[in-house]
Amino acid sequence: MKILHAIIRNYLETGEPVGSRTISKYTDLNLSSATIRNEMADLEELGYIIQPHTSAGRIPSDKGYRLYVDSMLEERDREVEDLRELLVEKEDKMDHLLKQVARFLAANTNYAAMISSPLYHGNKLKFIQLSRVDEHQVLAVIVVEGNVIKNTMLHVEQAPDQETMLKLNILLNTHLNGKTLNEINLGMIANLKQQAGIHSAMVGEIVDAVAEAIQADEDLEIYTSGTNNILKYPELADKEKAGELITAFEEKKALNQIVQETLADESGTGIQVYIGDESPVQTMRDCSVVTATYELGEGMKGTVGIIGPKRMDYDKVVGILKNLMSQLDALYNKKT
């Protein structure tokens, strides 16, 4: 098989019949020319190679090509399967780790705990290309880091002419190129819309498409533990309040709000405390929520949080979260 593969690889590269002396130069074979000639004779007899001219080297037959391609595909399939198993193993380990963290926090604080899976929040926009398809349609091609491309068809009342389209391309690329999702703020969007004039609505749609492209394929998982802990506190044990809190933990939409709010904070303090009405979640207005952002390498960020009564032991909770951030950082750095 090694000799057959060597013949085929050499023939694919040169287009010339391959002789035994050429094959003997392959260091992974370590065979004499005489041995290789005998093996080539066997391959020819089996129909895997042919001799196009007398005293010439050999070239692969269709049967030889078929064996080569089939064995190559099997090897690639094994590589893909090995990679898939490796990714699943790592995913399972991360999943297990996050569940352990949630249980640890709940047990050590006697409150409810949550932790989100890490997502990549560092994607940057590379460029935008707007093209007029017809008088009512504009194609927006959005390219982000990693050369991920998203095509969005915009339906408009009147598509801009080519000159205006060029100006809009320049406007959008000047302001948005190289920006992450967090850097595209409301002020920037308002400024773009103002400069776009009558095409402000279209610019708004394009910015929405950019945001979607940057965070494409991100599946947020949130792990919780200790929901019943907060029901131990009389001020939260009221039937209506308790029902709202349990629903918030089960559906996780409210927890998603907490995650997004925490990740959007750029103060750099690391720990955020929401007391009562300050909470981004209406159903947690009688609680206090303490959150922190953890980071596993550049751009990979997640949120960890503690939810309890307003009279929670803030000093203890903040201390535990800071220690957890340190442990996760040490764990990641050790692995890398």
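The buried residues of helix α3 (residues 33–45) are covered by elements that include α1, α2 (20–24) and β1 (49–50), where contact means heavy atoms within 4.5 Å. Helices (H or I, at least four residues) and strands (E, at least two) are DSSP runs, numbered from the N terminus. The model is a predicted one, in which local features need pLDDT of at least 70, side-chain atom pairs count only at pLDDT 80 or more, and totals for chains, interfaces and linings use all residues. Residues are numbered from 1 along each chain as its sequence is written, and side-chain values use heavy atoms, with hydrogens and water left out.

The buried residues of α3 are Ile36, Met40 and Leu43, buried being under 20% relative accessible area, exposed over 50% and partly exposed in between (1.4 Å probe, protein chains only). These residues cover an arc of only 55° around the axis, which puts them on the same side of α3; the arc is that of the directions from the helix axis to the C-beta atoms. The face of α3 turned away from this buried side carries the exposed residues Asn38 and Glu45. With 13 residues, α3 reaches 18 Å from its first C-alpha to its last, close to the 18 Å expected at 1.5 Å a residue, the expected span being 1.5 Å times one less than the number of residues. Gly47, whose phi is positive, near 90°, follows the helix.

Helix α1 (residues 2–14) packs with α3 at an angle of about 85°, the two axes lying 10 Å apart. Helix α1 is therefore roughly perpendicular to α3, a term applied to angles of 65 to 115 degrees. Axes are lines fitted to C-alpha atoms, for helices over the stretch in contact, and angles run from 0 to 180 degrees between N-to-C directions. From α1, the contact is made by Ile3, Leu4 and Ile7, and from α3 by Ile36, Glu39, Met40 and Leu43. These residues divide into 6 nonpolar, no polar and 1 charged, where Ala, Val, Leu, Ile, Met, Phe, Trp, Tyr, Cys and Pro count as nonpolar, Asp, Glu, Lys and Arg as charged, and the others, Gly among them, as polar.

In α1, the residues Ile3, Leu4, His5, Ala6, Ile7, Ile8 and Asn10 are buried. Just after α1, Gly15 takes a positive phi of about 75°.

Most residues other than glycine have a negative phi. Asn110, although not a glycine, has a positive phi of about 65°. Asn110 lies in the loop between α4 (62–109) and β3 (112–116) and is partly exposed, with a relative accessible area of 33%. Asn110 is among the residues touched by Asn229, together with Ala106, Tyr111 and Ala112, when residues up to four places away in sequence are not counted. Asn229 is itself found in the loop between β8 (222–225) and α8 (239–251), and counts as buried at 12% relative accessibility.

Strand β3 contains Ser116, which is buried at 0% relative accessibility. Leaving aside residues up to four places away in sequence, Ser116 touches Leu98, Leu220, Glu221, Ile222, Val259, Tyr294, Gly302 and Thr303.

Ile184 occupies the loop between α5 (162–176) and α6 (186–196) and is buried, with a relative accessible area of 12%. Ile184 and Ala211 are 27 residues apart in sequence, and 8.6 Å separates them in space, C-alpha to C-alpha.

Notes
Angles under 35 degrees count as roughly parallel, over 145 as roughly antiparallel, 65 to 115 as roughly perpendicular and the rest as oblique.
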